[in-house]
Amino acid sequence: VTARYVRVAVPVPLHRTFSYRVPDGMEPQPGVRVSVPFGPRRLVGVVTDGPDESPPEGVDPKKIKPLLAQLDEQPVLDAELRALCAWMATYYHLPPGEAWLQPLPPGMTGGRSGEAKPLTMKTVTVAHFLRAAGDGERLSARMAQVLKFLETALESTAPDLRAETGASLDTLRRLAAREFIRLEEREVPRDPFADLRAISHPAHEPTPGQRAAIARISESLGSFSPFLLMGVTGSGKTEVYLQVIEAVLARGEAALVLVPEIALTPQLVARFRARFGDRIAALHSGLDPDARHEQWLRIAAAELPVVIGARSALFAPIPNLGLLVVDEEHDPSFKQDTPPRYHARDLSLVRGHLAGCPVLLGSATPSLESWLNCRRGKLELLELTERAMDRPMPPVSLIDLRAYDFADEDKIFSLPLFEAIRENLARDEQTILFLNRRGFAAFLLCRACGQSLSCPACSVTLTWHRGRGRLICHWCDHVAARPAVCPNPECGDDALQEVGFGTERVEGVLRELLPEARVARMDRDTTRGKALNRLLDRFRDRDIDVLVGTQMVAKGHDFPGVTLVGVLLAETGLALPDLRASERTFHLLTQIAGRAGRADRPGRVLVQTYNPEHYALQHALTHDARAFLAEELALREALDRPPITHMAVFRLNGPDADAVMREARSVAHGLQADIDAAADPESVWLMGPQPAPIERIRGLYRWQLHIIARQRAALGTLIARAMARLDDAKLPANLQVSLDVDPQSFL
Ligand SMILES: [Zn+2]
Ligand SMILES: [Zn+2]
């Protein structure tokens, strides 16, 4: 018998696949999971190539270990997903194991233990009626109640019976023991939407713009056609998605819809459920591993033809994909900033190409990347210019904070904004106040020596949270008590002052200014677990007058009672060392402005700022995304920054500052030598190496090295060489090097 070999992607951080011998009786095809020995460990990997009769070149066949087990009869990754994984591994320079295992739920890869588990279905106890009680058969009141109920219902689940009669499982078992009823365990699908409340949405006639977009996309079903659907908030992008998906389902195909965050888009999900009922699958971080696993299997079995989820849903095993939608395509959450690093919007175009279906990127404020792709003819622009039901965009006014007095000592509320909030309250209308900074004070500053209180493990100041009575590091979650005196050993003064303000302080000051108002806060501190849904429900039910929040309030919520939106400080994000600072500020302001006046009442938006001349603010004032995009693109062009050029960043971190610096310089040295030797050295250049803007996080020193190239291919070649050197290098175990292609974060 001839020996056979396969290549396997194994979850280890090396940029290569590994060869294994196929024992007799196994037939592993590409896309099948296998259990393999790896050093002393046993890991779950995915077959990428083979089986092949010739052993890999230059390797002694006797040294190739056999597969331990074949875990699937049929591939769990179909040809389309395999091609997507391979593309992703190449483009992002990922270890193949990271890319090829990405589509699989943790239960199928065994995670760290390397032991894949079969899915256990959720079961529910069902009671069946057998007979009524005869004369002289004595039953407790509750047992009699259950039996009476079942006599007409004939069967019922234990949870329903408990709700109906209060009967415990124990009561049911006693009834079953006396053969009044029969109990059965039945498998039930888990409901991925169990935590979401249904929200009704009035139907209305499509606008001419919606009709044209629906027609254009529908006629391109069945072939790869990428679109940018640009429409102001409230222009009805969702209705376009829904109608095109109906056309996709009518063709017997499936649709995939990516949203920034399921929990923050309950309206969108609710409208999908109202339209498509229980044909919807959900893949999102709120699901427990078993629920995720079950959704995955049901999608693969073509039971659920509409898949909705956050970025990782891009890898859903949909057998016959007919449409891909990326809603709010500009949202930064589509970029995964932990390994494997990828951008779900960019990969959606790759998957659409592989599947041969339209890809619909939707946004009111497109990313510069997508806008440039439109200008270059890679995306077809579809515009929705009218708001549904002819509602005008809310007027936006800037309040120059240098020109007004304040209603409070902390200088949070200018008099015009405060008056507007009070008037709105008097009219019994709702207000949203937005500030992109949580906590009470931004930090504590010693007035005697000028030092601010910093995190011991990170080079950032600690944020004072008065409600919890703690200083908290927002980077490493370090928690400290508030010291009575300045911790600087040469100072020790008691002059610690709270400087700056966050959402918690805004909430507190507002309660003092307007004691009659019902004020609530929505940020990461107040929305753990199910608290977010409760808060959203209360606001929608109008149990809250003023909602103070971070960017969580800016997402796609539709609150009909909101007629005033106040932005407390527009420039919080502008000072960040981030090439997208202006773009993000424009997106956030436009999105938050879109929360005002979505019902029959007109809304208005007041934006407080010390920097009213900034172009991002000026264009947000006029809701002019095109003007902003043109100005921002010109700026990037002048600075040779993405998306005009292509960028990648090597990040290095470790506990030894000198070792990190040395290695950063060594990586840069190798890259520079390659650049100098290249045909066109002028078209690629390095920035750095230099310490990251936040030099230390969790006790680790951080350096970074940016590579910028005019051509994508040149960037790829350089990085591949650098990666090969790093794979061979003997780096200290505590020194980590990571690569981020098309970085979104610069901190
Ligand atoms: Zn001091
Ligand atoms: Zn910290």
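**Exercises on salt bridges, zinc sites, a sheet and cores**

Glu-184 and Arg-186 join their side chains in a salt bridge, 3.5 Å from N to O. A salt bridge here puts a side-chain nitrogen of Lys or Arg within 4 Å of a carboxyl oxygen of Asp or Glu. This is a predicted model: local features need pLDDT of at least 70, side-chain atom pairs count only at pLDDT 80 or more, and totals for chains, interfaces and linings use all residues. Residues are numbered from 1 along each chain as its sequence is written, chains are lettered from A and ligands numbered from 1 in the order in which they are written, and side-chain values use heavy atoms, with hydrogens and water left out.

**Exercise 1.** Classify Glu-184 and Arg-186 as buried, partly exposed or exposed.

*Solution.* 
- Start with the cut-offs: buried is under 20% relative accessible area, exposed is over 50%, and partly exposed lies in between (1.4 Å probe, protein chains only).
- Glu-184 has 27%, so Glu-184 is partly exposed.
- Arg-186 has 31%, so Arg-186 is partly exposed too.

**Exercise 2.** Find the salt-bridge partners of Asp-545 and Arg-636, and place each pair in the chain.

*Solution.* 
- Asp-545 pairs with Arg-518, with the closest N and O atoms 2.9 Å apart.
- This pair links distant parts of the chain, 27 residues apart. Asp-545 sits in the loop between α15 (531-540) and β26 (546-549), and Arg-518 in the loop between α14 (503-513) and β25 (519-522). Helices (H or I, at least four residues) and strands (E, at least two) are DSSP runs, numbered from the N terminus.
- Asp-545 is buried at 8%, whereas Arg-518 is partly exposed at 39%.
- Arg-636 pairs with Glu-583, and their closest N and O atoms are 2.9 Å apart.
- Here two helices are linked: Arg-636 belongs to α18 (residues 625-639) and Glu-583 to α16 (residues 581-593), 53 residues apart.
- Both Arg-636 and Glu-583 are buried.
- Shared partners also build one network from Glu-239, Glu-246, Arg-271 and Arg-275.
- The whole structure holds 40 salt bridges.

**Exercise 3.** List the protein donors of the zinc ion (ligand 1) and explain why their arrangement is tetrahedral.

*Solution.* 
- Donors are N, O and S atoms within 2.8 Å of the metal (3.2 Å for Na, K and Ca); water is not among the atoms, so sites may look incomplete.
- The protein donors are the SG atoms of Cys-446, Cys-449, Cys-486 and Cys-491, at 2.3 to 2.4 Å.
- The 4 donor atoms around the zinc ion (ligand 1) subtend angles of 106 to 112 degrees, so the arrangement is tetrahedral. The rule: four donors are tetrahedral if all angles lie between 85 and 135 degrees; four are square planar and six octahedral if opposite donors are over 155 degrees apart and all others between 65 and 115; anything else is irregular.
- Along the chain, the spacing reads C-x2-C-x36-C-x4-C.
- Cys-449, between β20 (443-446) and β21 (463-465), and Cys-486, between β23 (479-480) and β24 (496-499), are loop residues 37 residues apart.
- Cys-449 is partly exposed at 31%; Cys-486 is buried at 5%.

**Exercise 4.** Describe the site of the zinc ion (ligand 2).

*Solution.* 
- Its protein donors are the SG atoms of Cys-455, Cys-458, Cys-473 and Cys-476, lying 2.3 Å from the ion.
- The angles run from 105 to 113 degrees, which makes this site tetrahedral.
- The donor spacing is C-x2-C-x14-C-x2-C.
- Cys-455 lies in the loop between β20 and β21, and Cys-476 in the loop between β22 (470-472) and β23, 21 residues apart.
- Cys-455 is buried at 3%, and Cys-476 is buried at 12%.

**Exercise 5.** Identify the residues with the most contacts inside the largest nonpolar core.

*Solution.* 
- A nonpolar core is a set of buried Ala, Val, Leu, Ile, Met, Phe, Trp, Tyr and Cys residues joined through side-chain atoms within 4.5 Å.
- The largest has 111 residues, and Leu-347, Phe-650, Leu-671 and Ile-707 have the most contacts inside it.
- Helix α19 (residues 657-677) gives the largest share of this core, 7 residues.
- Apart from this core lies another, of 31 residues, including Ile-214 and Leu-268.
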